[in-house]
Amino acid sequence: MATQIKFGTSGWRAILADEFTMENVRRAVTGIARYVASRNPTSPKLLVGRDPRFLGETFVAEAAGILARHRVKPLVIPEAAPTPAIAYAVITRKSDGSINFTASHNPPEYNGIKFSTPDGAPALPEVTKAIEEEIAAVNLSGTDSTGEKQVASEDVDVRPSYLKRLSELVDLGAIKKSGVRVVFDPFWGAARGYSDVLLRDQGVSVATVHDYRDVLFGGHAPEPEGKLLDECRAKMKETGAAIGICTDGDADRFGIVDQDGTFIQPNYVIALLFNYLLETRGWKTGVGKSVATTNMLNAIAEKNKLELHETPVGFKYIGELIKQDKITIGGEESAGLTIRGHVPEKDGIIAGLLCCEMVATRKKTLQELLRDLFGKVGSFYPARENFRLTPEVKAKFTKKVSVDPADFSGRKVGKVVRTDGLKLVLEDGSWVAYRISGTEPVVRVYTEARSEGDSARLREAAKHWVLQ
């Protein structure tokens, strides 16, 4: 029986040689080719790119051949390329979208296919549903070609135009003028030769770590979280850098390290940049955030009398707000953001560059800037934990979260939000949210309190509520 290929919030991902096989790649790409050709029967074209994972070049070549046989012109990106650079190329080249072979921050044994639409944004659920139906039809019919003469492929370089766009959105001159030193950690990923080259070409002092291809990503997931950034910290200490900027495997997520080696959690980075962009760009647009992202963004929006847009988890929803020019910045606590006038897709590269600009122009560390922001809008202490559940506990908890509780661990619930999962906003302004995974026996638990002490208590209460 053929594998059922399902596109989640960031495309289809699976383990190599298990479900991510050449046969399934052919099925998936054929389904996408048929979908695209049905939407543009005259001269369809798709960008085909990848991150540096194992066999990426092989998958790209196979996909290009399938597209060509279906009269969809393949625009092949020969080198590993960041997801946001591919998204920008989709827009500037007016293609019908892109096929990107990436599993983003997943462990090295994974690969995936991300399909983006002609606006450069991740495909919305109605699009992925149509593609899944096409893939199912491929399995039933067994055909792989229109029978017509195939079209020629074309190699494209997405790097120059994307770097040029970044130079228009970020004040690189201010970074150079400040004399600030930077360490860049691309995590062996697709951003190699992007952030560092752009800064270095402007005369900024940049040192790098993990700046070579390793399909095993050092033996762990290419995820720039605090516990994996010790080599970045060591290089910062060695070079006297004021900031460390990091990206994941496909460069759509970011990790930021302060001058003293402290990891600045993504919630705080998004809040700092929202406040900074309002102060420096003069924009009067609001903010977009997933339901699981810090309410510090709510407080900044309220202080500036700007609109807040709270979305389900999944950056495609943030992307829609960017396309509609409704927001200054959109972000998710899982380290994804983009800004007004940029791609409707997560961009870990611009996140790091804007943090460099902020540190350079404000002449303060990120922690000093965060304390200043706490002084303006109050303090916020967000946290996230995953809990694995037995099938019995998962079934019981699924039933439990379907009911709106009046209180939570002795605190009165002020508001119940069901944008995505269950979010309980408590009367003191703290909140807890639960999202049950659809693919594994895991519940993701998000909390946010207004003090460090209460954060620990709230996290314990949130855990107890799952298991009681």
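Author: In this predicted model, the count of disulfides comes to zero. A disulfide is a covalent bond between the sulfur atoms of two cysteines. For Cys246, the nearest cysteine sulfur belongs to Cys232 and is 4.0 Å away; the cut-off for a disulfide is 2.5 Å, and Cys246 is therefore in no disulfide. Cys246 counts as buried, because its relative accessibility is 1% and the limit for a buried residue is under 20%. Cys356 is likewise in no disulfide, the nearest cysteine sulfur being that of Cys355 at 7.2 Å. Cys356 has a relative accessible area of 1% and is buried.

Another buried residue is Thr102, with a relative accessible area of 3%. Thr102 is placed in the loop between strand S4 (98–101) and strand S5 (110–116). A polar atom of the Thr102 side chain lies 2.8 Å from the backbone nitrogen of Ser104. Leaving aside residues up to four places away in sequence, Thr102 touches Arg13, Asp51, Thr83, Asn111, Gly112, Ile113, Lys114 and Asp250. An aromatic cluster is formed by Trp12, Phe20, Phe59 and Phe101.

Over the whole structure, the search finds 13 aromatic pairs. One of them joins Tyr268 and Phe374: the ring centres are 5.9 Å apart and the planes stand at 75°, so the pair is edge-to-face. Tyr268 belongs to helix H9 (residues 266–281) and Phe374 to helix H13 (residues 366–377), so that the pair links distant parts of the chain, 106 residues apart. Tyr268 and Phe374 are both buried. Phe397 and Tyr434 form an edge-to-face pair as well, with 5.2 Å from centre to centre and 70° between the planes. Since Phe397 lies in helix H14 (residues 391–400) and Tyr434 in strand S20 (residues 431–436), this pair ties together parts that are 37 residues apart in sequence. Phe397 and Tyr434 are both buried.

The buried residues of H10 (residues 296–303) are Met296, Leu297, Ala299, Ile300 and Ala301. After H10 comes Lys305, whose phi is positive, near 55°.

Strands S20 and S21 both belong to an open sheet of six strands, in the order S16-S21-S20-S19-S18-S17, with antiparallel pairing. The edge strands are S16 (381–388) and S17 (407–408), each of which pairs on one side only. Strands of a sheet pair through backbone hydrogen bonds, either parallel or antiparallel. S17 pairs with strand S18 (residues 411–417) in the antiparallel sense, over two bridges. Phe408 stands opposite Arg411 in S18.

Definitions and conventions
Residues numbered from 1 in each chain as written. Predicted model: local features only at pLDDT ≥ 70, side-chain atom pairs only at ≥ 80, totals over all residues. Heavy atoms only, no water. Pairing = 2+ DSSP bridges. Helix = DSSP H or I, 4+ residues; strand = E, 2+ residues; numbered from the N terminus. Phe/Tyr/Trp six-rings, centres within 6.5 Å; stacked < 30°, edge-to-face > 60°. Buried < 20%, exposed > 50% of the residue type's maximum accessible area, 1.4 Å probe, protein only. Polar contact = N/O pair within 3.5 Å; in protein donor to acceptor, adjacent residues only side chain to side chain. Contact = heavy atoms within 4.5 Å.
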